[in-house]
Amino acid sequence: TQSTRPQRLLAAVQKNATRGDPRSVVLAIDQFCRQKEWAMNVGDEKGCILDSVVSEVNPGAVLELGTYCGYSAVRIACLLPPHGKIITLEFNPDNAAIARQVIAWAGLEEKIQLVVGASGDWIPKIKEQFGVKTFDLVFLDHWKDRYLPDTKLMEECGLLREGSILLADNVICPGTPDYLEYIRNSPRYKSQYFKSHLEYTKVEDGLEKSVFLG
Ligand SMILES: O=C(NCCCCc1cc2ccncc2s1)c1cc(-c2ccc(F)cc2)cc(O)c1O
Ligand SMILES: [Mg+2]
């Protein structure tokens, strides 16, 4: 039977990356996506911006919405402080199964908690289920029309504290117009746009970094 793109991406990781070496996993995925098949990872160019934000925030608690194959979860996790953890939500169980194996190959199972389900269902349950008080960093990379409702939901559920950072992928392509409008005009956030390109292409895209002011 025909394999899927995530399955072929995992095979490339298992063939070209070193077990327990997260950076070799990131490199193997980027090479696969540049040389073989495009895939919707945040990628190497936007990934450098992600790295600099993670390093600056030095987060103890990270929430990622949209795991896909685990590329950004691995990229974030290898920059976390010793007791730092990331909870990553994925809707598609097949992609989650691939992501678990990518995360395992990187040797980061202890730092990454992968949860399968819809953000709207899970966000209200995170505090009680995972004993999280608030998140220092949230990386939004799921359905583009869920960025805004889920940000409002995180506010309502008390998952954000003064200084929490939201970092949103794809604010230009595919685009999240309602989220951008809200976050750039809300007195409760201070936002900054990092211009870049859609992963592995020359198409414009960027990341929006927003600080929750409380
Ligand atoms: O859709 C994208 N990403 C979300 C996938 C949806 C996965 C979900 C995870 C989850 C977890 C919890 N609740 C609900 C959900 S839904 C996406 C798409 C493109 C793109 C850009 C140009 C194209 F021509 C074609 C695709 C690029 C990107 O970087 C993306 O991130
Ligand atoms: Mg994305």
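So, the lining of the largest pocket: its residues split into 10 nonpolar, 8 polar and 4 charged. For that count, Ala, Val, Leu, Ile, Met, Phe, Trp, Tyr, Cys and Pro are nonpolar, Asp, Glu, Lys and Arg are charged, and the others, Gly among them, are polar. Before I go on: this is a predicted model, where local features need pLDDT of at least 70 and side-chain atom pairs count only at pLDDT 80 or more, while totals for chains, interfaces and linings use all residues. Residues are numbered from 1 along each chain as written, chains are lettered from A and ligands numbered from 1 in the order written, and side-chain values use heavy atoms, with hydrogens and water left out.

Back to the pocket. A pocket here is an open set of points on a 1 Å grid over the protein atoms alone, where a 1.4 Å probe fits, with protein on both sides within 12 Å along at least five of seven lines; lining residues have an atom within 4 Å of a point. There are 22 of those lining residues, and Met40, Gly66, Asp141, His142 and Trp143 lie nearest the centre. The space in there is about 420 Å³, a volume being what is filled by probe spheres set on the points, which are joined across faces, edges and corners.

Asp141 comes up again at the metal. Which protein residues are donors to the magnesium ion (ligand 2)? They're Asp141 (OD), Asp169 (OD) and Asn170 (OD1), at 2.0 to 2.2 Å. Donors are N, O and S atoms within 2.8 Å of the metal (3.2 Å for Na, K and Ca), and water is not among the atoms, so sites may look incomplete. Along the chain, the donor spacing reads D-x27-D-N. Asp169 counts as buried, at 0% relative accessibility, and Asn170 does too, at 4%. Buried means under 20% relative accessible area, exposed over 50%, partly exposed in between, using a 1.4 Å probe and protein chains only.

Next, helix H8, residues 147-156: 7 of its 10 residues are buried, including Tyr147, Asp150 and Met154. Just after H8, Gly158 takes a positive phi of about 70°. Helices (H or I, at least four residues) and strands (E, at least two) are DSSP runs, numbered from the N terminus.

Last stop, Ile103, in helix H5, residues 93-106. Ile103 is buried, with a relative accessible area of 4%. Setting aside neighbours within four places in sequence, Ile103 is in contact (heavy atoms within 4.5 Å) with Val74, Leu108, Glu109, Ile112 and Leu114.
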